[in-house]
Structures are given as C-alpha cells and as structure tokens.
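Thanks for taking a look at this one with me.

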Amino acid sequence: DALPISLVGFATGTLWGGLILAVSHLYSPKHHGTHYGALSFAGMATPVVFNVLLFGLTYDKVLESKGLPLSARCAGIVCVQQPILWCLGVNVLGTIAAVLLCRLACRKGGM
C-alpha cells in the first residue's frame, strides 16, 4: 500500500525540484520569484479545474442524461470521452505554445 504513495511523492518532489531549475534557466533572475510563483499556482489550480469542474460536472451530466441517480456508477468511454478530448486539445495547444515560447527564448538568449 505504501508503494503507490511513495511513487507519487517522489514524482511530485522531482517535478517541483525540476521546476526551480527550469525557471532559473528560462527566465531572467530579475523575475525569478514571480515566474516560480505563477507556475506553482498553476500546478495547484489545474487539478481543481480539470478534476473537479471538467470531469466531475461532465460525469454528473452523463448520469443525468441516462436518467440515472448521481449515486450510480457510469460505465464506458461515454462517461469521460468529452473531458478527455478537452484535455487533449488543451495539451496540444500547450505543447505548441511551449515550443514557440522556447524558440523565442532561445533566439533572445533567455527571458
């Protein structure tokens, strides 16, 4: 039971440690704290937006459209298809934006 928790803790710690390095290399030291704070907030706000609002509300709407009570379990891809497509679209746009931003940063010698 402790292995999944340990792996998630290790992954989270690695992510936040790597974020400090990424911010210090991508952005100028003048705005280091601002960028780190914004990225830290985004990392905490994203699960609320995607898990609670997007997946939770969509799941409830699918149950209601099938005429099932909210205590029922929804089975099948139809329950999560729309949020997964939204997440895919956001990730594709984010990847394109990140590539463009990194190219711009490399041309300017950093931000």
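1. Which residues does Leu54 touch, not counting residues up to four places away in sequence? They are Val49, Pro83, Trp86 and Cys87, where a contact means heavy atoms within 4.5 Å. Leu54 itself sits in helix 2.

2. A word on the basis before going further. This is a predicted model, in which local features need pLDDT of at least 70 and side-chain atom pairs count only at pLDDT 80 or more, while totals for chains, interfaces and linings use all residues. Residues are numbered from 1 along each chain as its sequence is written, and side-chain values use heavy atoms, with hydrogens and water left out.

3. On the overall fold, the protein chain has three helices and zero strands, in the order α-α-α from the N terminus on. Helices (H or I, at least four residues) and strands (E, at least two) are DSSP runs, numbered from the N terminus.

4. Helix 2 covers residues 32–65, and helix 3 covers residues 81–108. Their axes are 8 Å apart and meet at an angle of about 140°, which makes helix 2 oblique to helix 3. Axes here are lines fitted to C-alpha atoms, for helices over the stretch in contact, with angles from 0 to 180 degrees between N-to-C directions. Angles under 35 degrees count as roughly parallel, over 145 as roughly antiparallel, 65 to 115 as roughly perpendicular, and the rest as oblique.

5. Who meets whom there? From helix 2 come Phe50, Leu54, Phe55 and Thr58, and from helix 3 Gln82, Pro83, Ile84, Trp86, Cys87 and Val90. By class, this contact has eight nonpolar, two polar and no charged residues. Ala, Val, Leu, Ile, Met, Phe, Trp, Tyr, Cys and Pro count as nonpolar, Asp, Glu, Lys and Arg as charged, and the others, Gly among them, as polar.

6. Buried means under 20% relative accessible area, exposed over 50%, and partly exposed in between (1.4 Å probe, protein chains only).

7. Leu100, in helix 3, is exposed, with a relative accessible area of 51%. Its C-alpha atom is 27 Å from that of Leu54, 46 residues apart in sequence, and 20 Å from that of Cys87, 13 residues apart along the chain.

8. Finally, the whole chain. The radius of gyration is 19 Å, whereas a compact globule of 111 residues would have one near 13 Å; it is taken over C-alpha atoms, and the globule rule is 2.2 Å times the number of residues to the power 0.38. Buried residues make up 12% of the 111 residues.
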